[in-house]
Amino acid sequence: MPTITKLYTMKEAAQHNTHSDCWVVIDGKVYDVTDYLDKHPGGDDIILAYTGIDATDEFEDTGHSKSAREMMKDYCIGELDPSSPILPELEISKDKQSTVATNKLMDKALQYWAVPAAIIGISVVAGLLYLRKK
């Protein structure tokens, strides 16, 4: 009897993105690497950086050994559902926190424009005063 493989969506896999609950997706397979994080030679932050996305390219670019690839089998918990979107849908929220963040960003943008505008204004006034004296 064939083994039944559990199918996960990328959205489900992306929800497991902490040190105490970490899943990664590589080559269409979903791995629960929570217990492996502290053992990873490159450190746990490398793995945590690639949760919630398909990390196949990053995994392949690193040049993992044959033994590392064999070890992956122990952490495989299922496959990525081929019918689900690879990128989780973006949720647009109108909560108070995002409004506060947007306002802070706008304040920073105004600060960055205010300094150059002030310098240009002062330069124009100084130039006019200089030309007026001549």
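Which residues gather in a patch of negative charge on the surface? Select Asp 27, Asp 54, Asp 57 and Asp 61 to see them.

**Before you start**

This is a predicted model, where local features need pLDDT of at least 70, side-chain atom pairs count only at pLDDT 80 or more, and totals for chains, interfaces and linings use all residues. Residues are numbered from 1 along each chain as its sequence is written, and side-chain values use heavy atoms, with hydrogens and water left out.

**Stop 1: the whole chain**

Show the protein as a cartoon. Its secondary structure comes to five helices and five strands. Here helices (H or I, at least four residues) and strands (E, at least two) are DSSP runs, numbered from the N terminus. Follow the chain from the N terminus, and the elements run β-α-β-β-β-α-α-α-β-α.

Now colour by accessibility. Buried means under 20% relative accessible area, exposed means over 50%, and partly exposed lies in between (1.4 Å probe, protein chains only). Of the 134 residues in the protein, 22% are buried.

**Stop 2: the negative patch**

Go back to Asp 27, Asp 54, Asp 57 and Asp 61. A patch is made of residues with over 30% relative accessible area and no salt bridge; like charges are joined within 9 Å, and nonpolar side chains (Val, Leu, Ile, Met, Phe, Trp, Tyr) within 5 Å. Lys and Arg count as positive and Asp and Glu as negative, while His and the chain ends are not counted. The place of a charge is taken as NZ of Lys, CZ of Arg, CG of Asp or CD of Glu.

Zoom in on Asp 61. It sits in helix H3, residues 56-62. Asp 61 is exposed, with a relative accessible area of 67%.

Next, pick Asp 27. Its place is the loop between S3 and S4. Asp 27 is exposed too, with a relative accessible area of 53%. Check its backbone: Asp 27 has a positive phi of about 50°, although it is not a glycine. Most residues other than glycine have a negative phi.

**Stop 3: a nonpolar patch**

Select Ile 46, Tyr 50 and Ile 53. They form a nonpolar patch on the surface, with about 230 Å² of accessible area together. Accessible areas come from the Shrake-Rupley method with a 1.4 Å probe; for residues, only the protein chains shown count as cover. Ile 46 is in helix H2. At 42% relative accessibility, Ile 46 is partly exposed.

**Stop 4: ring pairs**

A pair of aromatic rings is described by the distance of the centres and the angle of the planes. Rings of Phe, Tyr and Trp (its six-membered ring) pair if their centres lie within 6.5 Å; planes under 30 degrees apart count as stacked, over 60 as edge-to-face and the rest as tilted. By this rule there are two aromatic pairs.

Select Tyr 8 and Trp 23. Their pair is edge-to-face, with 4.9 Å centre to centre and 70° between the planes. It links distant parts of the chain: Tyr 8 is in strand S1 (residues 7-8) and Trp 23 in strand S3 (residues 21-26), 15 residues apart. Tyr 8 is buried, at 10% relative accessible area. Trp 23 is buried, with a relative accessible area of 10%.

Now select Tyr 36 and Tyr 75. This pair is tilted, at 5.6 Å centre to centre and 55° between the planes. Tyr 36 lies in the loop between strand S4 (29-32) and helix H2 (44-48), and Tyr 75 in the loop between helix H4 (66-72) and strand S5 (76-80), 39 residues apart. Both Tyr 36 and Tyr 75 are buried.

**Stop 5: salt bridges**

A salt bridge is a side-chain nitrogen of Lys or Arg within 4 Å of a carboxyl oxygen of Asp or Glu. How many salt bridges does this rule give? The count comes to three.

Start with Lys 29 and Glu 79. Their closest N and O atoms are 3.9 Å apart. This pair links distant parts of the chain, with Lys 29 in strand S4 and Glu 79 in strand S5, 50 residues apart.

Move to Arg 69 and Glu 60, which form a salt bridge with the closest N and O atoms 3.1 Å apart. Arg 69 is partly exposed, at 32% relative accessibility.

Finish with Glu 70 and Lys 73, whose side chains meet in a salt bridge (3.3 Å, N to O). Glu 70 is partly exposed at 43%, whereas Lys 73 is exposed at 58%.
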